[in-house]
Amino acid sequence: MKKTHWSMVLLAVLAVWLPAKTWAAPNPVNTPTITVHADKVKTRVSPTLYGLMTEEINFSYEGGLYGELLRNRSFVGQRGVAYAADEPIYWTPLGGADISLDGKTPLNEALNVSLKLDAKGASDSHPVGVSNPGFWGIAVTPDTTYTVSFYAKAEGRGGPITVALAKASGAVVASASLASVSGEWKKYELKLTTGALAVSKDNVFTLTTTTPGKLWLQQVSLFGPTYKDRPNGNRRDLMAMMSALKPTFLRFPGGNYLEGETFAQRFDWKKTLGPPETRPGHRSPWNYWSTDGLGLMEFLLWCEELKMEPVLGVFAGYALNGEHVSSPEELAPHIQDALDEIEYVTGDVTTKWGAQRAKDGHPAPFALRYVEIGNEDVFDRSGSYDKRFSAFYKAIKAKHPRLQLISTMSAESTPSQRPDLVDEHTYAWGEGQMYEHVNDYDHRPREAPKVFVGEWATHSGWPMPNLKAAVADAAFLTGLERNSDVVLLSAYAPLLANISHVGGSSLDNSMQWATNLIGYDALKAFGTPSYYVQKMFAEAKGDVVLESTGAAIPKWTIDNKTFPSLYWVVTRNEKTRHIQIKLVNRGTTPQPVNLVLSGLKSVASRGTLTVLTADDPEAVNTIDDPARVTPKTVGFSGLSRDFTLTVPAYSVSVLDFAAR
Ligand code: AHR
């Protein structure tokens, strides 16, 4: 056996120690200097600065967060999505089954078109039925129990029925049977339990019978384990990834999804309540069907589970096709709808909508502070938002004076009513554009309404953001954090994207909007470099921003515009007295930076340094390579009141240390 010589051990120790040591060195001359004035607090950091924004886009819920594993469970499919045929899309006949949509045998008013299955030729040796591919596959893991439920009705006595998870080849992974199906609609529930097997998403769901005859099916559903085991709940890995961002709020239900393409396709919250099989569902403006299985209550439970406060968007009488109302009479029912919605969220059980919430399983009211009236009403060319905003504002404030009401336009655009906050969206098409926004809030008049940066992102990289985008994101966030007396909330958008089938204009495109925070397929999920920037900033938020100044900051040029190549913000946690220096280097080479800490009696000699970088600014994370660009944390020694830190090219660093 080979012996390890002591010199090899020493070398290994040095290899770990040296990189940290070489980062800290005496001050070279002519290097950029950042001076932290630790005795001067610039502002408090808004506790709600980092949150999430969500809507049904990119199969965020259907085929994403919502735990339903079957696609088109209620046989609505693409009806209602203009260009599609009236057929049981995503359901494939097995064994010669004759399948069709039947509007004469409804389950109920909401789900009024069923799947009619004529199991001709079925026998014990020849099962006949249907299969479903899920959302670009069905994730199957070993030793896992799945819940199958469906409504069925047979002509005469039907059954037996077997449900299964199977390979495309037909090989069964797990199955369960029920003996018979009655002649009346009835709900059936079965469990499928897998044994030892390889994790995969190359699976289908099948439902078959061995008896010839007609069968009607509705709400055919398959759930795996959900977050906190909540029935009708959310996918576990995505919830865990969001939780790691320490989000303080969730803005829902949109985005365009709040408004809908037409009034009829808006997020009509009352139709998203109650047992899932009583929800009709609706078309998302992103061109696919939403079952509304993730409805208003589920948004609220999602908030509760991740300890986020809701930022509730209420429909404000404008749809994406320009349809709008603005007279008091026309606005009245929509205002009432918003008041009812607020009552559903916050009212006690003696109120009409509070009682409905209790009936829906949640007697305790949810805390609510922020309500946003509409979404991006700047696109309403009729100029009706001033009237609409002011009517909603007055009615809501009259009943709920403590609510903070958010306008989707600037305060100048709503002269009839000053908003409590304004929602500003900053999408940068290329990194250069984002650097133009870094100082957006430095000179914002402090007496103006506070700001919610409700949607923002740097677009660079496809389909998901690359390191270059994440570095620009981080530069933007230094501006938000530095000004978080003005910017109270912010949320990157969009949050989620199913990237199973990206591209083209095909009906089967899983992603409608490139550049999102978290990507996934049926089985796996990954954080983008932008996700890790959010995580680094949220984890090191601090309580107060300390004053800091820079000198000899290098510059770089893009599109004939020159920008600094270093960005930073310095915060302190008032309880632990730890200081966080967030430092962003857009430079293309490693950059030594002198850090001078003034106004401190003592500085710990060691801290931690977390760095996000890669060898290529175009680097991205993917399903198969999810950790190419992830932050690495190392111990950092050599701290003093005056030291040098060398940060890599294209990097985001957080240095955290104790100081008094
Ligand atoms: O985030 C994607 C879309 O961008 C949102 O739905 C909309 O509000 C904005 O235009």
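**View A. Domain 1 and domain 3 sit with their centres 57 Å apart, taken over C-alpha atoms.** In this predicted model, local features need pLDDT of at least 70 and side-chain atom pairs count only at pLDDT 80 or more, while totals for chains, interfaces and linings use all residues. Residues are numbered from 1 along each chain as its sequence is written, and side-chain values use heavy atoms, leaving out hydrogens and water. The chain is assigned domain 1 (5-44 + 541-659), domain 2 (52-68 + 237-493 + 520-537) and domain 3 (92-223), with bounds from an automatic or database domain assignment.

**View B. Here is the largest nonpolar core, with 118 residues.** Such a core joins buried Ala, Val, Leu, Ile, Met, Phe, Trp, Tyr and Cys residues through side-chain atoms within 4.5 Å; buried means under 20% relative accessible area (1.4 Å probe, protein chains only). Trp-302 and Ile-518 touch the most other members. Helix H10 (residues 467-482) gives the largest share, nine residues; helices are DSSP runs (H or I, at least four residues), strands likewise (E, at least two), numbered from the N terminus. Domain 1 and domain 2 each supply at least three residues.

**View C. A second, separate core holds 34 residues.** Look for Trp-91, Ile-138, Val-148 and Tyr-188 among them.

**View D. Helix H8 (residues 385-399) spans 21 Å from its first C-alpha to its last.** That is close to the 21 Å expected for its 15 residues, taking 1.5 Å times one less than the number of residues. Its buried residues include Tyr-385, Phe-389, Phe-392 and Ile-396. Among the elements covering the buried residues are strand S16 (309-314) and helix H6 (328-346).

Technical notes. Buried means under 20% relative accessible area, exposed over 50%, partly exposed in between (1.4 Å probe, protein chains only). Contact means heavy atoms within 4.5 Å.
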